[in-house]
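Biologist: I would like to learn how to read a protein model. Please take me through one.

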Amino acid sequence: MPIINQLPAHLSDLIAAGEVVERPASVVKELVENAIDAGATTIAVDISRGGMGRIRITDNGCGIAPTELPTAFLRHATSKLHTAEDLGAIATLGFRGEALAAICAVSRLEITSCQKGESQGASLFLEGGVPQTVETVGAPQGTTICVEDLFYNTPARLKFMRKDSAETAAISGLMQQLSLSHPDLSFRLKKDGQETLQTAGDGKLQSAIYGALGADFAKTLVPVKGSGDGISVEGFVTQPLKGRGSRGMQFFFVNGRLVKSALMTSALEEGYRAQLMKGRFPGCVLHITLPVELVDVNVHPAKTQVKFAKEKAVFDAVFYTVLDCLAKSGGAVKPAQTI
Ligand code: ADP
Ligand code: MG
């Protein structure tokens, strides 16, 4: 007969960690979301070897009290959820209290944090989730987390990691999305010592586009703005003559969240009608805002699919906004309209 044992904590923690931390980009996503929840206005990400060597994230958020540093790394430890009623009205990106526990279980991690108004901060090192002692250190307000040797203790996962370049690309894409959905925050990304993304954080979408997608792309855009049926559409689309060879630069955000949507892609492209040459595609950064009850966002954080209650209304809002704005701007020929 097989013997049934309850798994020891370190083993069940490792299994749980594997579900939260799939690859370096998942570490970056969780840590940046924590920084946003902490009220940070500047968030700097520094990675080496696609995040497999090191991921360091520095924010200027509220910080963590020295006595609470070890608690933050326990499973199901969170400051964002207190009662079952809170579950119905979550206003933060995190609430499960699983990310830090999972990340530290599969890496060597150092955190340094200092709360607002305090002159001293504290740092803590954890290896494979095992904490050492908390040390008092001088530090600026905010939190820095440095993750090294990801998956060093889970060889099976390590074996399945893709090339560093694929991981670097995934992290760059993630940082672009975060920058475009939070123009009010200043993001920086350094890859192997080279700064590749920096946004102003001045609240303007066009500044975020410049910083995240580059001046060359930003200069091909014209602003669009419109609404219909309670659905508002605002952002930037490429001038018809600046069509691109692929759909790789189409970014749609629904209520602030990046989505992939064939419906919106076709509404956008219809808006150009015959103005684009065959085989050329528009680029865009469009924010669509609609009442939450009209959109079913799949709540799994990694999923980017949505379902709309009124598909035709969404299509029309995007289509007519693009059509009207391109007509008004005279398409490509008025550089004054570009950003
Ligand atoms: P969750 O975000 O779901 O609460 P995490 O494991 O990601 O769970 O984080 C645990 C707790 O640690 C958070 O609830 C928060 O109190 C604290 N924390 C994590 N990162 C930061 C940060 N960058 N700044 C301030 N507090 C943080
Ligand atoms: Mg979190």
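Biologist: Into which domains is the protein divided?

Modeller: There is domain 1 (9-198) and domain 2 (219-337); such bounds come from an automatic or database domain assignment. The C-alpha centres of domain 1 and domain 2 lie 32 Å apart. Note that this is a predicted model, in which local features need pLDDT of at least 70, side-chain atom pairs count only at pLDDT 80 or more, and totals for chains, interfaces and linings use all residues. Residues are numbered from 1 along each chain as its sequence is written, while chains are lettered from A and ligands numbered from 1 in the order in which they are written.

Biologist: How many helices and strands does the protein have?

Modeller: Both are DSSP runs numbered from the N terminus: helices are H or I with at least four residues, strands are E with at least two. The protein has 10 helices and 16 strands. Its radius of gyration is 22 Å, close to the 20 Å from the globule rule for 339 residues, so the protein is as compact as a globular protein of that length. That radius is taken over C-alpha atoms, and the rule is 2.2 Å times the number of residues to the power 0.38.

Biologist: What percentage of the residues in the protein is buried?

Modeller: A residue is buried if 20 or more other C-beta atoms lie within 10 Å of its own, exposed if 12 or fewer, and partly exposed in between, with C-beta atoms placed from the backbone. Buried residues make up 36% of the 339 residues.

Biologist: How many residues of α2 are buried?

Modeller: In α2 (24-37), 11 of the 14 residues are buried, so this helix is largely enclosed by the rest of the structure. Among them are V27, L31 and N34. The buried residues of α2 pack against several elements, including α1 (9-20), β1 (42-48) and α6. Packing rests on contacts, and two residues are in contact if their C-beta atoms, placed from the backbone, lie within 7 Å.

Biologist: What span should α2 have?

Modeller: The expected span of a helix is 1.5 Å times one less than its number of residues. For the 14 residues of α2 that gives 20 Å, and the end C-alpha atoms are 20 Å apart, which agrees.

Biologist: Which residues are closest to ligand 1?

Modeller: A residue is near a molecule if its C-beta atom, placed from the backbone, lies within 6 Å of it. Ligand 1 is surrounded by 24 residues, the closest being N34, A38, T78, G94 and A99. Helix α2 gives the most to this shell, with 4 residues.

Biologist: Where is H76 found, and is it buried or exposed?

Modeller: H76 sits in the loop between α3 (69-72) and α4. With 9 C-beta neighbours inside 10 Å, H76 counts as exposed.

Biologist: What is the phi of H76?

Modeller: Most residues other than glycine have a negative phi. H76 is not a glycine, yet its phi is positive, about 60 degrees. F151 also has a positive phi, near 65 degrees. The place of F151 is the loop between β7 (142-148) and α5 (155-159). F151 is buried, with 20 other C-beta atoms within 10 Å.
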